[in-house]
Amino acid sequence: MNSLPLLSLLVFIPWAGALLLAVAGRSVSANTSRALALGFSLSTLALALVALGSFDPHAAGYQFTERHAWIGALNVNYSLGLDGLSLLLVLLTGIVSPLCLLASWRIERSPQLFGPLFLLLQGAALGVFLALDFFHWFIFWEVSLVPAFFLIKMWGGPGATRAAYQFVIYTLAGGACLLLGFAALYAATGTLDFTELAQLAARGEIGPKLATLGTFWPQVVFVGVFLGLAVKVPLFPFHTWLPPAYAEAPTGVSMFLTGVMSKMGVYGFLRILWPLFPAPLQAAAPCLLWLALGGVVLGAFAAMKQTDLKRMVAYSSINHLSYCLLALFAVAGATKPDAVTAALSGTLLQLFNHGLSAAALFACVGILEARSGGQRGLDDFGGVRTVTPLFAGFCGIAMFSSLGLPGLNGFVGEFLIFRGVFGLAPWAAGIACLGLLATALFLLTFWQRVFHGPVAAGVAAFRDLDRLEFLTLLPFIVLMFLLGVLPQIVISLFNPLVAAWAAHLP
Amino acid sequence: MNLLPWTIYVSFAGALLALVAGSRSAAAARWIALVTAVAGSALTFLAAREFVSSAGLQDIVNVPWIAGLGVRYHLAADGISLTLLVLTGLAATAGILFSWNIGERPGEFFALFLALIGGVYGVFLSADVFALFVFYEIAIVPKYFLIAIWGSTNREYGAMKLVLYSFAGSALVLAGLLWAYAAGGAHGFGLAELTAAAGNIPHTTSLAIFALVFLGFAVLAGIFPFHTWAPTGHVAAPTAASMLLAGVVMKLGAYGCLRVALPLFPAAFAYWQPVIGWLAVAGIIYAGFIALVQEDFKFVIGYSSVSHMGFVLLGLAAATPLAMAGAVLQMFSHGVIAGLLFAVVGRMVYERTHTRRLADLRAMPLHRLLPFAAVVFVVAGLASLGLPGFSGFPAELSILIGTWQTKPLWAAGAALGIVVAGAFTLRVIQVSFFGSTGAAPAAAPDHPLPPITLAEKAGALLLIGATVFVGLRPDALLDWIVPALQSPVFQAVMKGGHP
């Protein structure tokens, strides 16, 4: 429909930028390199808006598709496509990535290397959201680990090496499970194309085909694919890599990890696991609901126990993403179209909102760290509000967005999720309320201990936001208000898609 | 097609020339060696351009050699040979670029190196088992001298162990083939004749003969538990030789299994299949874990080679079209990647820092001292752990898929091996190049490290280019390999019975 390969450009402009900046290296000044990286990063937002302009939410299937024969012997195609879900996440990537680079502007250690690695990561994430063939998709999925590893390790805190190693090994192990699962799918069906596999699954043919390999292999393959995705989200109890990785990474990278990369896992659940394995997922849903609840409740309680602000925000990410999975598992296990639509809409909206609020919170902690010379303990501050009222205001808005105050963006998503889950699995929704409560508790503790009380010793000298930090936070704040009042801007993108999903439930 | 035998002749001629010229000028020997290797590589590419992969095994030369024994000088090539010939050309060229600085007896070094290459080309082209065996032995002898004269740590031990294993392996092969010749009543050593004659051998006898021949070749491919020569030998060898030994010579063993052992005795292969498969899986996992705890940089790479060759054997053992194609692709992929890894470890790092102990390297800020080497090693390491986008990924994926079709448990075991490979590769990247915390370079080398030379950069870029190209366009090789596997002999192997 469009002669311009829009989606290829989306993926490859950041990569081209990465290559260019890596080759240029130290022959360009640090500021030029930063500005160029920002420019390449903004290309995603620009192209995503172009896509938004000609995107038809009501059209069935994928749009802007590109498909070329790639590897004949394996029946692999170069295949890209975009639907409401992909567009949502591409938009999110386009918004969050440049802001991560702004938050990393003051990194003085090898800025000419930071930019290219970040662009590599950004392109890989976009590829994951757009690729429709497993071979193609898996390249992006795995390649994203490489820049993430080095970004955490080289620019992170004192424990960064261990954290980066743990993060990559966990995800690689998950990747090997995924690979094994898809090797089995190919062995049984002869294709790696998500759409074709989903059609086979819709006709109920995948299970029997896998059973030709051996009686218990359908379950093993399901578990393999599930594990690969669960580690990435992460789903409780596969989350242990996350707090150290998020806490040790430099601010801009933590923002990207939580804002965009954590969405890759949930995206995988929605795009791969659910369409390909509807029956096994339905069978497993009652158990999986408990895991998601574990993430919701224990994530929030663990956050409450943290004294390191960054780890606190990291645990709150586990909590927020578990809501998405809670809704998905509730949907997979039940058949009430009305509640299903609410739950799924909530999931997608929550993906977007969490990307904004968690990234903003990490940016705020980063600003505190920059002021205090690296300290970010809960008790290292006090009375920050009186010294830096603007910053306190912004940070407060991000927190209230995160805990779901009505009027801000976080509320609508969580409301829809709870509304859906109440209809499908009331007991689960009841237990999940504990998570809401704990979230409110730890965010308010954060707010009170850092921003109120007597002005602590070092805090009196804090500057308020400068122009760069203001620019970094402002888009988040604006969007939080905008989407709190007008959530339909985002919902309209995926509403028909969600309705179609709900209609195809067994 | 007639160009391919010239790879052999050019290499041997170059060896002679380098020997003569080397006594006068080291530079002359180097350039002769480089020109020879590039010429060999160019010949493989030229031949590939006019190669018709659908035609199966194509005769090139077929003349009587030793009339009384029915031995013929019979060369032929199909897509599998071609893939490995291209690999040999690339590995040889890169190997010479990485030995540009050989100062000790350069004439002899390059002569032996090229003789080894010539033997390898010969093995990949032979369609007569006798000729194959002769070339095979030609390749083994130079190995010994390369390690014993130019080697490093424990070189006499390493060289001796490697050569003893190699000779033991080839003795098994020879015994097995002679037995097959006698028992089957063959009149010649041509592959086709022997295959036909092997059909006359009683099943129980063929089980024993197959075991001899397969094991003999598999030892050279580093099959667990007969792999111990490989790390020791590769560590002791000079860089270019380790690149070639791990990169190409191990492939001779796998190629022998594929070209000789399997087609001769498809029924016996079906009998031994479970044993071979489980040994391959054990090798993948065991060698991976051993690599995880090595304290010597080069031993990590040595064991990783054993682990990756396990995938080749697994692909052969699974004996489905996709698994076997993946096995050949993995031979190519591992040849390139192992070459690159050994080049970084042996040439770029060891010859500059004079240590391979990870504990010493950890204390040096190597990523700042040798940034180019660090980048190359990260790329090679990622390729080695099977990251998508590099040649190892399509190879391992094909093997996994092909293995799933018949033996799901093996596939699951191999997947565990992939995780272990990720762990040991990341560990060694981390410790060797990024070990120092940056604050205090505790044990900075007492002299500035010499910069990376142009020859090293060229060699590294050549190999990286090859692995990335095949990673993104595996069809380039699969289009040769897949038709070759459709020949009746391989179809018989896959069916596990005689045609």
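**Reading two chains, feature by feature**

Modeller: Start with a pair of residues. B:Asp59 faces B:Ala76 of strand E2(B). Keep in mind that this is a predicted model.

Biologist: How many bridges join E1 of chain B to E2(B), and in which sense do the strands run?

Modeller: Here is the general idea. In a regular strand, side chains alternate between the two faces of the sheet. Now the case. E1 (residues 58–66) and E2(B) are antiparallel, joined by seven bridges. B:Pro64 sits opposite B:Arg72 in E2(B). The two strands form a hairpin with four residues between them. There, B:Gly70 has a positive phi near 75°.

Biologist: Is E2 of chain B largely enclosed or largely open?

Modeller: E2(B) covers residues 71–77. Five of its seven residues are buried, so the rest of the structure largely encloses this strand.

Biologist: What do E1 and E2 of chain A look like?

Modeller: E1(A), residues 63–71, pairs with E2(A), residues 76–82. The sense is antiparallel, over six bridges. A:His68 stands across from A:Tyr78 in E2(A). These strands make a hairpin with four residues between them. In the turn, A:Asn75 has a positive phi of about 55°.

Biologist: On to helices. What span should H19 of chain B have, and how far apart are its end C-alpha atoms?

Modeller: H19(B) has 19 residues, 454–472.

Biologist: Which residues of H19(B) are buried?

Modeller: Among them are B:Glu456, B:Ala460, B:Leu463, B:Thr467 and B:Val470. An α-helix has 3.6 residues a turn, so residues three or four places apart point the same way.

Biologist: What is exposed on the other side of H19(B), and what do the buried residues pack against?

Modeller: B:Leu454 and B:Gly465 are exposed on the other side. The buried residues of H19(B) pack against several helices of chain B, including H3 (79–98), H13 (321–353) and H16 (371–384).

Biologist: How many residues does each chain bring to the contact between chains A and B?

Modeller: Chain B brings 27 residues and chain A brings 26. On the chain B side, H17, H18 (408–434) and H20 each supply at least two residues. H18(B) gives the largest share, eleven residues. By type, the chain B side has 21 nonpolar residues, five polar and one charged.

Biologist: Which residues touch the most other members of the largest nonpolar core?

Modeller: That core has 424 residues. A:Leu88 and B:Leu313 are among those that touch the most other members. Beyond its neighbours within four places in sequence, A:Leu88 contacts residues including A:Leu348, A:Phe352 and A:Phe494.

Biologist: Is A:Val340 buried or exposed?

Modeller: A:Val340 has 24 other C-beta atoms within 10 Å, so this residue is buried. A:Val340 lies in H15 (residues 337–372) of chain A. A:Leu424 is 84 residues from A:Val340 along the chain, yet their C-alpha atoms are separated by 7.7 Å.

Key
Residues are numbered from 1 along each chain as its sequence is written. Chains are lettered from A and ligands numbered from 1 in the order in which they are written. This is a predicted model: local features need pLDDT of at least 70, side-chain atom pairs count only at pLDDT 80 or more; totals for chains, interfaces and linings use all residues. The expected span of a helix is 1.5 Å times one less than its number of residues. A residue is buried if 20 or more other C-beta atoms lie within 10 Å of its own, exposed if 12 or fewer, and partly exposed in between; C-beta atoms are placed from the backbone. Two residues are in contact if their C-beta atoms, placed from the backbone, lie within 7 Å. Ala, Val, Leu, Ile, Met, Phe, Trp, Tyr, Cys and Pro count as nonpolar, Asp, Glu, Lys and Arg as charged, and the others, Gly among them, as polar. Two strands pair if DSSP finds at least two bridges between them. A nonpolar core is a set of buried Ala, Val, Leu, Ile, Met, Phe, Trp, Tyr and Cys residues joined through C-beta atoms within 7 Å.
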